[in-house]
Amino acid sequence: MDYIYLDHASTTKLDGRVLEKMLPYLKENYGNANSVHGIGRNAVKGLDEARGIVADILNADFNEIYFTSGGTEGDNFALNGFTKKRGEKNKIVISSIEHSAMLKTASELKGVEVVKIKPNSLGLVNPNDYLESIDENTYLVSLMMANNEVGSIEPIKEVCYNAHLKGANFFTDAVQAMGAMEIDVKDLGVDMLSFSAHKFNGPKGVGAVYIKNGAQIGGIITGGHQEREKRGGTSNVAGAIGLAYALKYNRETLKKDSEYITNLRNYFIDKVLSLNGNFKLNGDRENRLPNNANILFKGINGERLLYKLDIMGVCASLGAACSAGSIDPSHVLTEMGLTSIDAKSSIRFTFGKENTYEEVDKVISIIKNLIEE
Ligand code: PLP
């Protein structure tokens, strides 16, 4: 079957050029980057090259980039790492629409008060709400750069500023944002930021975090001395090279791709909303990631619609891929004020540069037929 893939927030296809860059590190240069012989040194070269590329793109220093296994590990790293070095402080302030990798991990921190800031009905948090909750007891403040379900782009610069006013560290989960916008960590002023290669045509199971030099954060995986003692374990050199080149290629065409994806996504939104006056876009039309269209099909069972779309070869999602299969409504949509019935009637479509206008027309006609049924 020919699938129409509209689930790019869940994952993306590996770029063929990225695979070509990775292959030598799986074949000839397969060494352990900790070995002192020639094949090991070749692996170190690859790891250094990858770290350098990522550091340049993010405007970070070379030794401020740490490779991880992906976004989930990055979120765990921030929460557990800053908690290790929190001293007497025992409070964190995060948003209530974070990914489960943040929310669940935060809920398991021992002896820590977790304050959650709610968004408005468009999925945007107010920096002043953060300011009111952060105090001298707060050691970590966190807000995702862009939301994975509704694509809202959050005011992280302001919230980071507010965190620093009170002496707290600031972390942002940039997993969804990294492939969609230029990011300059010095300009943002964040202490830590995480991202994951598979969201921008890189390989799965590899990510990275930026940690500002001097930030008080402990390591989370104990073992060898890798990643400057913060993350033990034999380095995934091919993965790191894959991540770095995926980011490099992404940045080369980012402006053009973003424009194309935004126009295609808007074309879809206009068409789908015109099918029925009760359909609605969840979240803000302007302030959202280019790829995201989260549609409330009011009065329609979202799970059944998704299932029927799947039968017709259309790949979309009820929300976060990690929570697919759970019968709970999306926590992001309910935090934005949707009833649980409306949340369960909502479907996330996320577009990519490979999608075409013909595909959108086909999906619209499939949806039209399904709802008429
Ligand atoms: N954070 C956000 C905002 C995400 O969207 C995701 C994945 O969808 C993650 C974290 C987890 O990333 P990974 O799949 O690389 O573990």
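This is a predicted model: local features need pLDDT of at least 70, side-chain atom pairs count only at pLDDT 80 or more; totals for chains, interfaces and linings use all residues.
Residues are numbered from 1 along each chain as its sequence is written, and side-chain values use heavy atoms, with hydrogens and water left out.

The side chain of Asp-75 makes such a polar contact with the side chain of Ser-194, at 3.5 Å. Asp-75 belongs to helix H3, residues 71-84, helices (H or I, at least four residues) and strands (E, at least two) being DSSP runs numbered from the N terminus. Asp-75 is buried yet has no salt bridge, and the nearest side chain of opposite charge, that of Lys-199, is 10 Å away. Here buried means under 20% relative accessible area, exposed over 50%, and partly exposed in between (1.4 Å probe, protein chains only); a salt bridge is a side-chain nitrogen of Lys or Arg within 4 Å of a carboxyl oxygen of Asp or Glu. For charge, Lys and Arg count as positive and Asp and Glu as negative, whereas His and the chain ends are not counted. Residues up to four places away in sequence aside, Asp-75 touches His-99, Ala-101, Met-102, Phe-171, Asp-173 and Ser-194, contact meaning heavy atoms within 4.5 Å.

## Salt bridges

A search of the whole structure finds 18 salt bridges. One of them joins the side chains of Lys-212 and Asp-191 (3.4 Å, N to O). Because Lys-212 lies in the loop between strand S8 (207-211) and H8, and Asp-191 in the loop between helix H7 (185-188) and strand S7 (192-196), this pair ties together parts that are 21 residues apart in sequence. Lys-212 counts as partly exposed at 29% relative accessibility, whereas Asp-191, with a relative accessible area of 7%, is buried.

Lys-308 forms a salt bridge with Glu-373, their closest N and O atoms being 3.3 Å apart. Lys-308 lies in helix H10 (residues 302-311) and Glu-373 in the segment after helix H13 (357-372), so the pair ties together parts that are 65 residues apart in sequence. Glu-373 is exposed, with a relative accessible area of 70%, and Lys-308 is partly exposed at 28%. A salt bridge also links Asp-257 and Lys-256 through their side chains (4.0 Å, N to O); Asp-257 is buried at 13% relative accessibility, while Lys-256 is exposed at 57%.

## Ala-240 in helix H8

Ala-240 lies in helix H8, residues 237-252, and counts as buried because its relative accessibility is 1%. Leaving aside neighbours within four places in sequence, Ala-240 is in contact with Leu-47, Ala-50, Phe-67 and Val-206.

## The largest cavity

The structure holds 2 cavities of 30 Å³ or more, and about 320 Å³ of space lies in the largest cavity. On a 1 Å grid over the protein atoms alone, a cavity is a set of points where a 1.4 Å probe fits but cannot get out, and lining residues have an atom within 4 Å of a point. The largest cavity is lined by 22 residues, of which Gly-179, Lys-199, Asn-250, Ile-261 and Asn-291 lie nearest its centre. Helix H9 (residues 254-273) supplies the largest share of this lining, 4 residues.

Terms used:
A polar contact is a pair of N or O atoms within 3.5 Å; within protein, one must be able to donate a hydrogen and the other to accept it, and residues adjacent in sequence count only if both atoms are side-chain atoms. On a 1 Å grid over the protein atoms alone, a cavity is a set of points where a 1.4 Å probe fits but cannot get out, and a pocket is an open set with protein on both sides within 12 Å along at least five of seven lines; lining residues have an atom within 4 Å of a point. Grid points are joined across faces, edges and corners, and a volume is the space filled by probe spheres set on the points.
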